[in-house]
Amino acid sequence: MASPFRRDDGSTVVTQDRTQPSAEDSLIARYFKPLATDPGAFGLVDDAAILSSSGDDIVVTTDAVVEGVHYLATDPPDTIARKALRVNLSDLAAKGALPAGFVLTLALRSKEDSWLRPFADALGEDAKTFGCPLLGGDTVSTPGPQMISITAFGRVPKGRMVGRTGASAGDRILVTGTIGDAALGLDALTGGAVAGALVSDPAARDLLASRYRVPQPRNALAQAVRDHASAAMDVSDGLAGDLTKLCAASGVSATVDVASVPLSAAATGLIARNVVGVETLLAGGDDYEVLCTVPPAQSDALIAAGRAAGLPVTAIGTIIAGHDRPRFLDGQGRELTLKRLSYSHF
């Protein structure tokens, strides 16, 4: 509890009784200490943690999700928690890394149980599901918007992380899952054209909204990516823009057969009805699929690994020599002019 002391000038100052837990300590103990089951977390009583490497390389990635930018103020807290962790797990998957743990920073407007309880419960469930325990972090107050920042750690055998720089001419371009659903889900949630087009199909609307709110990181394919891919990254800002980044890092170019880009039934239907154009899907972002380049002799093995994991892996193009921007070709081989390649924060 607070205790007063008197200055020389006679004024009274209230100080915090350090024998009592602060509101922040109580919040951490109530919601997040139960998640910190790894011995290296020390039960969250220290201001640092230990992550054993076991001779592996440690892969480090960090992403923040901000209210009004990465999630909507009306999104349920459990989906916000899952998204905050999963966007980082997606990065680890694309590096061929197995999750090892994460630290969490929360900037909160308030500490209402009605928000924190489902947030913490969902975060704990995902931490257990993906084998990525909470190791520590920080909580701060903010007048808003809220922000959740996670730094995740993964393990790979020494020298085996899959970067963006290894793509070579002749490699096939592969992508997991389907592209564009999250962008359509955001449009549906914010009352855009997709919302109007799916009034009579709530199941499709809910499916697309779920792809935006709760990404599906492809950690089941991490080892296959590590074993077969020459370069890889996750699709966070948009397939077109992220492939452009990968090609620039590797000093190559690419051709993409847009007709081969995997789409969900909902996305295919919306394109067929001219509700959205293909650029929306290629540049929309929030897919959190793995985009990788694979030598031709190994591409079938990666596709087969996806099949064994119940996850489609689709070849969509080829890496070519050169430094030009990747070319996106329609079914007749004509180049599409994309006004926008990806989402950009600035």
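**View 1. The aromatic cluster formed by Tyr31, Phe32, Trp115 and Phe119 in the predicted model.** The structure holds three aromatic pairs. In one of them, the ring centres of phenylalanine 32 and phenylalanine 119 lie 6.4 Å apart with the planes at 80 degrees, so this pair is edge-to-face. Because phenylalanine 32 belongs to helix α1 and phenylalanine 119 to helix α3, the pair ties together parts that are 87 residues apart in sequence. Phenylalanine 32 and phenylalanine 119 are both buried.

**View 2. The stacked pair of tryptophan 115 and phenylalanine 119.**

**View 3. The crossing of helix α1 (residues 23–32) and helix α3 (residues 113–129).** The two axes come within 9 Å and cross at roughly 50 degrees, which makes α1 oblique to α3. On the α1 side the contact is made by Leu27, Arg30, Tyr31 and Phe32, and on the α3 side by Asp113, Leu116, Arg117, Phe119, Ala120 and Leu123. Sorted by class, this contact has seven nonpolar and three charged residues, with no polar ones.

**View 4. Helix α8 (residues 239–250) and the glycine just after it.** The twelve residues of α8 reach 16 Å from the first C-alpha to the last, close to the 16 Å expected at 1.5 Å a residue. Nine of these twelve residues are buried, so α8 is largely enclosed by the rest of the structure; among the buried residues are Leu239, Asp242, Leu246 and Cys247. Just after α8, glycine 251 takes a positive phi of about 70 degrees.

Methods: Residues numbered from 1 in each chain as written. Predicted model: local features only at pLDDT ≥ 70, side-chain atom pairs only at ≥ 80, totals over all residues. Heavy atoms only, no water. Helix = DSSP H or I, 4+ residues; strand = E, 2+ residues; numbered from the N terminus. Expected span 1.5 Å × (residues − 1). Buried < 20%, exposed > 50% of the residue type's maximum accessible area, 1.4 Å probe, protein only. Axes fitted to C-alpha atoms, helices over the stretch in contact; angles between N-to-C directions. Parallel < 35°, antiparallel > 145°, perpendicular 65-115°, else oblique. Contact = heavy atoms within 4.5 Å. Nonpolar A, V, L, I, M, F, W, Y, C, P; charged D, E, K, R; others polar. Phe/Tyr/Trp six-rings, centres within 6.5 Å; stacked < 30°, edge-to-face > 60°.
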